[in-house]
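This report describes selected features of a predicted model.

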Amino acid sequence: MSDKQQLDLLVEKYTALKQEIAKVIVGQHEAVDSLLLSVFSGGHCLLLGVPGLAKTLMVNTLAQTLGLSFSRIQFTPDLMPSDITGSEILDRERNFKFIQGPVFAGIVLADEINRTPPKTQAALLEAMQERRVTVSGTSYPLPSPFFVLATQNPIEQEGTYPLPEAQLDRFMFNVRLDYPSFDEEVSIVKQTTVAPTAQVQRILSADDIIAFQEAIRRMPVADNVVEYAVRLVAATRPVQVDGQEIQNSKFKIQNSQKYISWGAGPRASQYLIVGARTYAALHGKYSPDAEDVRAVAHNVLRHRLVRNYFAEAEGISTDQIITDLLQK
């Protein structure tokens, strides 16, 4: 099958996936689109939303439609790294045997990831980047494809541990979930207060997902689109940090200098292009343009910009800063 045929088939499967997920999830169309974008891009996704917005149900339903194994890890303050990665035990023959942890799944839901200490959060770093787990000097490959979809409550701060920048940077997208509209909430109440009847069907398999990811990676991208993505990321970097000059000052924009203490790194540029490729493919295009880069910019940059005191004092959100950058 040619790449063009593969991409045409992807559009059909994408529509079927959204219809299947809609049998269970009412509304949240942008969040579902972003999840599917991250899956076909091969990246991890952080879901930010208050309790009760069906984040866990959404990820579980997604795993069923994609035909991937699913594992849910409830992050708590007493969770240990071995509770995620697995551990070695001594069997009856007095030989050490590795017992795989819940991270060995196609889709891993890291529920309330910021409720566990940094020591346990770090257990996911190698898994998210290298797609493997190392225990007692031995490396064990994770299933392919492999995705970490994490949830986080944006309003509750007691008993939480903010994710370090290194771990945040490993998430391709940071997706915000909003409250449903009035009509959507009415539908939710009607649908969930009776005996469940919806049954989702598997639309894809692991091999299908890998084939689509490879076809997307082979999509041509014009040099001006790559340069646009790099300029956009470079514009998030302030000219000075702690009084010292840093690189990329020629792309300075006033609000970047005023409201950002630290900008996005090269991984953001990579994810902008990968995300733009996937966004273009899912919308029937065979090559991305600047509009596709802008379409994924908020989700890619949202968790990579560190606001300074001026932004917090004036109530300037990260999304406002990104919108300003896109306009300029």
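Helices and strands are named here as DSSP runs, helices of at least four residues and strands of at least two, numbered from the N terminus. With those names in hand, the largest pocket holds about 670 Å³ of space, and of the 23 residues that line this pocket, Leu48, Gln152, Leu168, Asn174 and Arg176 are the closest to its centre. At least two lining residues come from each of β1 (44–48), α7 (165–168), β9 (171–176) and β13 (306–307). By class, the lining of the largest pocket is made up of 8 nonpolar, 9 polar and 6 charged residues.

The second largest pocket has a volume of about 550 Å³ and a lining of 25 residues, among which His29, Glu30, Ala31, Ser34 and Asn299 lie nearest the centre. Here α2 (29–41), β9, α12 (266–282) and α13 (290–301) each contribute at least two residues, and the largest share, 6 residues, is supplied by α2. Its lining divides into 12 nonpolar, 6 polar and 7 charged residues.

## Helix α12

Helix α12, one of the contributors to the lining of the second largest pocket, is mostly covered, with 13 of its 17 residues buried. The end C-alpha atoms of α12 are 25 Å apart, which agrees with the 24 Å that its 17 residues should span at 1.5 Å a residue. Just after this helix, Gly284 adopts a positive phi of about 80 degrees.

## An aromatic cluster

The model contains 3 aromatic pairs. One of them joins Phe98 and Phe104 in an edge-to-face arrangement, with 5.9 Å from centre to centre and 65 degrees between the planes. Phe98 has a relative accessible area of 14% and is therefore buried, and Phe104, at 14% relative accessibility, likewise counts as buried.

Phe98 also pairs with Tyr140: their ring centres are 4.1 Å apart and their planes stand at 10 degrees, so this pair is stacked. Because Phe98 lies in strand β4 (residues 96–100) and Tyr140 in strand β7 (residues 138–141), the pair ties together parts that are 42 residues apart in sequence. Tyr140 is buried, as is Phe98, and Phe98, Phe104 and Tyr140 form one aromatic cluster.

## Strand β2 and its partner

In a regular strand the side chains alternate between the two faces of the sheet. Strand β2 runs parallel to strand β5 (residues 107–111), to which 5 bridges join it, and Gln74 stands opposite Asp111 of β5.

## Backbone features in the loops

The peptide bond from Ser144 to Pro145 is cis, with omega near 0 degrees, and Pro145 is placed in the loop between β7 and β8 (147–152).

Glu112 sits in the loop between β5 and α5 (118–121) and, with 25% relative accessibility, counts as partly exposed. Arg131 belongs to the loop between α6 (125–130) and β6 (132–135), and its relative accessibility of 28% means that Arg131 is also classed as partly exposed.

Terms used. Residues numbered from 1 in each chain as written. Predicted model: local features only at pLDDT ≥ 70, side-chain atom pairs only at ≥ 80, totals over all residues. Heavy atoms only, no water. Phe/Tyr/Trp six-rings, centres within 6.5 Å; stacked < 30°, edge-to-face > 60°. Buried < 20%, exposed > 50% of the residue type's maximum accessible area, 1.4 Å probe, protein only. 1 Å grid on protein atoms, 1.4 Å probe; cavity = no way out; pocket = protein on both sides within 12 Å on 5 of 7 lines; lining within 4 Å. Points joined across faces, edges and corners; volume = space filled by probe spheres on them. Nonpolar A, V, L, I, M, F, W, Y, C, P; charged D, E, K, R; others polar. Expected span 1.5 Å × (residues − 1). Pairing = 2+ DSSP bridges.
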